[in-house]
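Here is a short report on a protein model and its ligand. Look at the rings and charges as you read.

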Amino acid sequence: MKNVFVIKTSPRKSGNSDHLADEFIKGAIEAGNHVEEVSLTGKNIQFCRGCMTCQQTHRCVIKDDAEPIREKMLQADVIVWATPIYYYCVSGQMKTMIDRANPLYSMDYKFRDIYLLATAAEDEPSTVEGTVKATQGWVDCFGKATLKKVVFAGGVNSKGDIEGHSALKEAYELGKTIQ
Ligand SMILES: Cc1cc2nc3c(=O)[nH]c(=O)nc-3n(C[C@H](O)[C@H](O)[C@H](O)COP(=O)(O)O)c2cc1C
């Protein structure tokens, strides 16, 4: 049984990437894992100030909603990012949370397996490339962690477009493989 932490980063509640995340969660719970989720919607998460204090203190000088999320990231075995693709990259919300998780860089983090769930209006293989690269760049900074798998749902723009998309089953089946 793994501690799985799912971070939904879309500002659009119950949108396409949230739905993809829900399927992954369903599978991971069925497989007997302990799953927690957070949505960044409505959270007060300021930009990283780049002061680097965290590398000495393991704490961030900014006290806001990033702190409990970072704590969950620290304790998780598996981290799942769900993001809409914004300008061929991760959403700004996801990137801001990644930056604010910088204290983890010098800490004894537990996570080993990272998963990326992404949605976009376009449906070309290249649509997701920048998003994977950005996520991989973060994972590469954590030597004990690996980007295990990416699920991409292309061709979904409006809320609800993802209904019936094959990526939903893919995410569910992927969730079931976690143990
Ligand atoms: C600011 C912004 C930028 C976007 N950039 C892209 C893009 O580069 N490529 C693309 O295919 N779709 C793009 N989209 C569309 C979203 O990725 C798409 O609607 C996605 O399914 C939204 O997921 P959500 O419902 O979880 O928010 C963009 C949407 C927004 C709001």
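## Charges over rings

The charged end of Lys-26 sits over the ring of Tyr-172, 5.4 Å from the ring centre. Lys-144 does likewise with Tyr-109: its charged end sits over that ring, 4.8 Å from the centre. A charge sits over a ring if NZ of Lys or CZ of Arg is within 6 Å of the ring centre and within 35 degrees of the ring normal.

This is a predicted model, where local features need pLDDT of at least 70, side-chain atom pairs count only at pLDDT 80 or more, and totals for chains, interfaces and linings use all residues. Residues are numbered from 1 along each chain as its sequence is written, and side-chain values use heavy atoms, leaving out hydrogens and water.

## Aromatic cluster

Ring pairs link Trp-81, Tyr-105, Tyr-109, Phe-111, Trp-138 and Phe-142 into a cluster. Rings of Phe, Tyr and Trp (its six-membered ring) pair if their centres lie within 6.5 Å; planes under 30 degrees apart count as stacked, over 60 as edge-to-face and the rest as tilted.

Trp-81 is buried, at 0% relative accessible area. Trp-138 is buried too, at 8%. Buried means under 20%, exposed over 50%, and partly exposed in between (1.4 Å probe, protein chains only).

## Ligand contacts

Arg-12 uses a polar side-chain atom, at 2.9 Å. Glu-122 uses a backbone N or O atom, at 2.8 Å. Val-156 also uses a backbone N or O atom, at 2.8 Å.

Key:
Polar contact = N/O pair within 3.5 Å; in protein donor to acceptor, adjacent residues only side chain to side chain.
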